[in-house]
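Trainee: Could we go through this structure together, one topic at a time?

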Amino acid sequence: MQYFYINQNSTLPTISILPVNTGRYRFRKFNECIQDASITFTMVNVENGNIMICNAPCSIRLINDGGCEDKYCIEYKWEKRDTRQKGTYEGIFTIKFNGNITSGDMEYPSGELIAPIKEKIYIIIQ
């Protein structure tokens, strides 16, 4: 499990994840496809199941870490109303591949991917 802490009524820091190479797609292919994807963020109260944020748009940011390949970070920028209620929430990023990228004879994915894949993100609003 990953924990993300933010103060009540705060908008910083943004919440972000780095997509993990699952082996489902070649990672370079994944990085190309994510540029044309629709990415949303949902936040659900773990105690009562109430949805605090539902499919809010996210952005991607290129990370320059000096490596050979581009890497992208998915992030959601909080609005003040998002953090008005203290509690513990599960954060879910949904990546919907639009399938609009074509390159030679390569097939690019379409459909949805729920992230994070390896472990859940719990958001603690304090």
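Mentor: E79 is partly exposed, with a relative accessible area of 37%, where buried means under 20%, exposed over 50% and partly exposed in between, using a 1.4 Å probe and protein chains only. This is a predicted model, in which local features need pLDDT of at least 70 and side-chain atom pairs count only at pLDDT 80 or more, while totals for chains, interfaces and linings use all residues. Residues are numbered from 1 along each chain as its sequence is written, and side-chain values use heavy atoms, with hydrogens and water left out.

Trainee: Which residue forms a salt bridge with E79?

Mentor: A salt bridge requires a side-chain nitrogen of Lys or Arg within 4 Å of a carboxyl oxygen of Asp or Glu. For E79 the closest N and O atoms are 2.7 Å apart, and the partner is R81.

Trainee: In the salt bridge of R61 and E75, is E75 buried or exposed?

Mentor: The side chains of R61 and E75 meet at 3.3 Å, N to O. The pair links distant parts of the chain, with R61 in strand 5 and E75 in strand 6, 14 residues apart; strands here are DSSP runs of E with at least two residues, numbered from the N terminus. R61 is partly exposed at a relative accessible area of 39%, whereas E75, at 9% relative accessibility, counts as buried.

Trainee: What is the strand order of the open sheet of 3 strands?

Mentor: Two strands are taken to pair if DSSP finds at least two bridges between them, and strand 2 and strand 6 (residues 71-76) pair in the antiparallel sense over 3 bridges. Within that pairing, I17 stands opposite I74 in strand 6. The open sheet has antiparallel pairing and the order 2-6-5.

Trainee: How many residues apart in sequence are the parts tied together by F41 and F93?

Mentor: Rings of Phe, Tyr and Trp (its six-membered ring) pair if their centres lie within 6.5 Å, with planes under 30 degrees apart counted as stacked, over 60 as edge-to-face and the rest as tilted. F41 and F93 form a tilted pair, 4.9 Å centre to centre with 50 degrees between the planes, and both residues are buried. Because F41 lies in strand 3 (residues 37-45) and F93 in strand 7 (residues 87-97), the parts that this pair ties together are 52 residues apart in sequence.

Methods:
Helix = DSSP H or I, 4+ residues; strand = E, 2+ residues; numbered from the N terminus.
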